[in-house]
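Visitor: Hi! Could you show me how to read a protein model, one feature at a time?

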Amino acid sequence: MASISHDDSSAVVIIGSGAGGGTLAHELTRRGIKVVLLEAGARQSLATFSQVPGEAFGQLTWLEPRTASGSWTVKEDYPTLPSWTCKTVGGTTVHWTGATPRAQPWEVRSRTTYGQVDGASLIDWPLEYSELLHYYELAEKRMVVTRRNGNPGLPASNHFKVFHYGAKKLGYQRVHTGYMAINSRPADDRGMCIQQGFCVQGCKVAAKWSTLYTEIPRAEATGNLDLRVESRAVRIEHGKDGLVNGVVYRDAKGSEQRQLARIVCVAANSVETSRLLLLSESSKYPQGLANSSDQVGRHFSHHTGGFAFGVFDQPIRFWRGTTLAGLVEDETRHDPKRGFAGGYHLEMLALDLPSIALAGFPQNLWGRDLAYMMDRYSNMAGIFVNGEDLPRATNRITLNLAVKDQFGLPVANIHVDDHPNNAAMRAHGQRQAKALLEAAGATRVVLSRQTPATHNMCANRMSKDARDGVVNAHGQAHDIRNLFVSDGSAMSTPSSANPTLTIVALALRQAEYIAKQMGSRAI
Amino acid sequence: MHTSSMDRRQFISATGVLTGALLAGSALALLAPARAWAVDLSALSTAEGSALMAVARTLAPHDTLEDAAYALVVKAIDGAAGDAATLAMLREGLARLGPGFATANEAERVAALTPLENTAFFKFLRAQTLLNLYASPLAYAHFGYEGEVFSKGGYLLHGFNDLRWLPEVPLADSGPVYTGA
């Protein structure tokens, strides 16, 4: 691993080592570019991943405070965890479930396709789907996505048998074990899935793709990466010319450090990326960095989501196997006859015994109704509805000046008022999920409310017009040409797809652009 | 396993204690060296502990699940009650439930808890119950959850696809179990 001097202003500084930051770090370092990668979390490994209940949550989760406001039910149901992401080397790719569907072609033209929707702030992406598709193909090869490029699909678990049977009985046509970045056979110097069911606790055989054991070690091997763990960025600095020139961070001991930079790429996930840009205000940039348009933090999207869990008369033992390798694609279409714009995926979902009651069921379930479900835990199957939520300018990340973190800095507040379209979509999706489970034989089904934001997107979105967003089609800040957004907050609209594949695709594209710009000394 | 000899220091510092016996023939009774169990409380009184155990049983009534599993919930709450504000909230809530709560029947306990559903007291106890009731080896054995599996090499060769009451899934919608061939 390289050791880059704090005063080396030729370095690219990347903040965050997840799907975006980790991939970008590798892509730049393999092109000979020096990268300082700042990661707030510690470095885990296959050996330290834990299957003891509760341990992984404490080990991997971003637990530093943020607050929530707005009318979304998440504020009421999960006040201390409105957004559930990671703070660890590898970022949220450590605890994700490995789902890598693509956004649909019309979903990058959602404004044109859905039209003007009152109360929503839709825009078209500033790039063509054909271009995104090229990078999807690169990402799918890189992550070894199943059902693409001749990679076999994952085998059917007991849980998937139930999911598949119910889905086919309902008439769904496109039902399979998913486009998953989980090895169905050994590949990429990583193990093959042995169907443990602890995907969310970190994959102990590295079958599930994560930058922790792919992109980052390969970046280190180039000799151009300086990964600094337990290093939390607190401010991005700039010179009189308005260009960014350094990042201030707190190291593992809590001491303040400064790393000079030629280019800064922020990949701290939507909430913290927005927060960092806002915290970096100055007399030249009183609204924060990249924010002359007042768009930083706005249009925050989290996907319309909800669970359905059903119990059956016979055992399923749905914990035996991957958490989420099961997909129905039929509902991803845009079909206003259903009563809403946009589409959703139905995704098979299992939860372990401690988590099912706390996270899977609605918060008001207790007594005999709760016991009825839990008594039949061995006979349970589950589905997660994952749909496109409509962006709104007032759904935004702001600084909560009344609540400070351990360094005395205002924490992020996540404000969401769900668009009525979301409720209509969720109702439809959960109705279909319930019908699917019942078609397979479920005797009782419980539906949850909106789940915490595990997909955090669009808060610093790409836009053609600088007034509509924060960055251009390369994730480059409209206001500051050497400042980039490299995580899911760059997405213009959320689509109905779990976002990781899109984030990796955009990072691959951005790396090419940055390298070219550096080569021609444009930045 | 907790022994029956309490030294003098323990006798003085415990504020309360819950005791019980494992159900004869239960999974844990077959493993444990003795069927009698006791849980020391360091912030709550015995009466408060008993009432909270009754709350846990009302929130998640599993008729054949050991009292010991519910005592573990109370133990966790007792730990949280080391915080003065939490202890005050618990005492205030228990006072609203009334002194007879621990010995009331289920219908009466449900009736007493229902008006408190939106209180911080109720939400705290529901979260503590769900978190601690289902996370113990006792609960795993009772509900059939198998827990940690890395040490066994995963479920790939241990029943991940042994369900036979539904038809097999066509390979086109899934994939083969890779055997190295």
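Guide: Let's begin with Gln432(A), which is in helix 11 (residues 420-439) of chain A. Helices (H or I, at least four residues) and strands (E, at least two) are DSSP runs, numbered from the N terminus. This is a predicted model, where local features need pLDDT of at least 70, side-chain atom pairs count only at pLDDT 80 or more, and totals for chains, interfaces and linings use all residues. Residues are numbered from 1 along each chain as its sequence is written, while chains are lettered from A and ligands numbered from 1 in the order in which they are written.

Visitor: Is Gln432(A) buried or exposed?

Guide: You count neighbours: a residue is buried if 20 or more other C-beta atoms lie within 10 Å of its own, exposed if 12 or fewer, and partly exposed in between, with C-beta atoms placed from the backbone. Gln432(A) has 22 other C-beta atoms within 10 Å, so Gln432(A) is buried.

Visitor: Which residues does Gln432(A) touch?

Guide: Two residues are in contact if their C-beta atoms, placed from the backbone, lie within 7 Å. Not counting residues up to four places away in sequence, Gln432(A) touches Glu331(A) and Leu346(A). Sequence distance and space are separate things, too: Gln432(A) and Leu170(A) are 262 residues apart in sequence, yet 8.6 Å apart in space, C-alpha to C-alpha.

Visitor: Let me try Ile514(A). Where is Ile514(A), and which residues is Ile514(A) in contact with?

Guide: Ile514(A) sits in helix 12 of chain A. It's buried, because 25 other C-beta atoms lie within 10 Å of Ile514(A). Leave aside its neighbours within four places in sequence, and Ile514(A) is in contact with Leu28(A), Ile263(A) and Phe484(A).

Visitor: How do I read two helices packing, say helix 1 and helix 12 of chain A?

Guide: Helix 1 (residues 19-29) and helix 12 (residues 500-519) of chain A pack at an angle of about 35°, with their axes 8 Å apart. For handedness, a crossing is left-handed if the near helix is turned anticlockwise from the far one by less than a right angle, and right-handed if clockwise. The crossing of helix 1 and helix 12 of chain A is right-handed. Residues making this contact include Leu24(A) and Leu28(A) of helix 1 of chain A, and Ala511(A) and Ile514(A) of helix 12 of chain A.

Visitor: And what classes of residue are in that contact of helix 1 with helix 12 of chain A?

Guide: Ala, Val, Leu, Ile, Met, Phe, Trp, Tyr, Cys and Pro count as nonpolar, Asp, Glu, Lys and Arg as charged, and the others, Gly among them, as polar. The contact of helix 1 of chain A with helix 12 of chain A has 10 nonpolar, 4 polar and 1 charged residues.

Visitor: What about chain B? How many helices and strands does chain B have?

Guide: Chain B has 8 helices and 2 strands, running α-β-α-β-α-α-α-α-α-α from the N terminus on. Buried residues make up 33% of its 181 residues.

Visitor: At what angle do helix 4 and helix 7 of chain B cross?

Guide: Roughly 125°, and their axes come within 9 Å. Angles under 35 degrees count as roughly parallel, over 145 as roughly antiparallel, 65 to 115 as roughly perpendicular and the rest as oblique. Helix 4 and helix 7 of chain B are therefore oblique to each other. Their contact divides into 7 nonpolar, 3 polar and no charged residues.

Visitor: And helix 3 with helix 4 of chain B?

Guide: Those axes also come within 9 Å, crossing at roughly 120°, so helix 3 and helix 4 of chain B are oblique. Helix 3 of chain B passes helix 4 of chain B in a right-handed crossing.

Visitor: Last one: how many residues of chain A are in contact with chain B?

Guide: 48 residues of chain A are in contact with 41 residues of chain B. Helix 6 of chain A gives the largest share of the side of chain A that touches chain B, 6 residues. By class, that side of chain A has 23 nonpolar, 18 polar and 7 charged residues.

Key:
Axes fitted to C-alpha atoms, helices over the stretch in contact; angles between N-to-C directions.
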